[in-house]
Amino acid sequence: AAFLAATKGERLNPLWRLFLTCGLRRGEACGLQWKDVDFAEATYPDGTVSPGRLSIRRSLVTVGKEVHVQEPKTKRGRRVVPLSADTVAALREQAARQRDDAAAWGESWTDSGYVFTKEDGQPLHPDRVSAQFNEAQSRAPVPRIRLHDLRHCFGSMATASSESIFILSKVLGHKSVTTTQRYAH
């Protein structure tokens, strides 16, 4: 909460919220496209209602200095993740920011289809996202952690709120519940 409050209004605040509320990997968040986001309310088999959801279908990964698109490593990595109302609001804020960027850049703006982009519409470089996270942390009254640790934070918070380890395993895209148990500490 302190980190999100300290970065409120910043360009990547919606991305930080997505990491903390969905437990995405860096490449999954960078590879998220608008066609993967569904703002329609969904009811899951266990009766849980979500104000939206997103589908994890690709990841942006770095090989050397180049960025490549790849599919999730495992079948379980390709998944649907429920969204909270706050996260839906943050994604709507991101869409509005992109519309403003497109208007400001005019014909020079690139419609890449990605949710999180640079001002010109080009996708974010995953390594730059990590660097920007480190910069944002330095402005917030929080302990220093790695960007990937936000995934662990999500797992721990979900477990503390009595989320089923089996459901959490599906949301995180883990191959086994054993892996998920290591995240929930």
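## Basis of the description

Two strands are taken to pair if DSSP finds at least two bridges between them. Helices (H or I, at least four residues) and strands (E, at least two) are DSSP runs, numbered from the N terminus. The model is predicted, so that local features need pLDDT of at least 70 and side-chain atom pairs count only at pLDDT 80 or more, while totals for chains, interfaces and linings use all residues. Residues are numbered from 1 along each chain as its sequence is written, and side-chain values use heavy atoms, with hydrogens and water left out.

## Overall composition

The protein chain contains eight helices and seven strands. Of its 185 residues, 42% count as buried, that is, under 20% relative accessible area, with exposed meaning over 50% and partly exposed in between (1.4 Å probe, protein chains only). A contact requires heavy atoms within 4.5 Å. Among contacts between residues at least 6 apart in sequence, 58% join residues at least 24 apart.

## The three-stranded sheet

Three strands form an open sheet in the order β1-β4-β7, with antiparallel pairing. Strands β1 (37-38) and β7 (79-83) stand at the edges with a single partner strand each, so one side of each is left without a neighbour in the sheet. Strand β4 (residues 52-56) is joined to β7 by five bridges in the antiparallel sense. Within this pairing, Leu-54 has Val-81 of β7 as its bridge partner, and Arg-53 has Pro-82 of β7.

Helix α4 (residues 85-105) lies across β1, β4 and β7 and runs at about 100° to β7; axes here are lines fitted to C-alpha atoms, for helices over the stretch in contact, and angles run from 0 to 180 degrees between N-to-C directions.

Nine of the ten residues of α2 are buried, among them Asn-13, Arg-17 and Leu-18. Just after this helix, Gly-23 takes a positive phi of about 70°.

Two packed helices are described by the angle between their axes and the distance between the axes. The axes of α2 (residues 13-22) and α5 (residues 126-138) come within 11 Å and cross at roughly 95°. The two helices are therefore roughly perpendicular to each other, the term used for 65 to 115 degrees; angles under 35 count as roughly parallel, over 145 as roughly antiparallel and the rest as oblique. Leu-15, Trp-16 and Phe-19 of α2 meet Val-129, Gln-132, Phe-133 and Ala-136 of α5 in this contact. By class, the contact has six nonpolar, one polar and no charged residues. Nonpolar covers Ala, Val, Leu, Ile, Met, Phe, Trp, Tyr, Cys and Pro, charged covers Asp, Glu, Lys and Arg, and the others, Gly among them, count as polar.

## Cysteine residues

A search of the whole structure finds zero disulfides, a disulfide being a pair of cysteine sulfur atoms within 2.5 Å. Cys-22 is buried, at a relative accessible area of 1%, and Cys-30 is likewise buried, at 1%. Cys-153, placed in helix α6 (residues 149-160), is partly exposed at 30% relative accessibility.

Not counting residues up to four places away in sequence, Cys-153 touches Leu-20 and Ile-145. The C-alpha atoms of Cys-153 and Leu-20 are separated by 6.8 Å, although the residues stand 133 apart along the chain. Leu-20 is itself one of the buried residues of α2.
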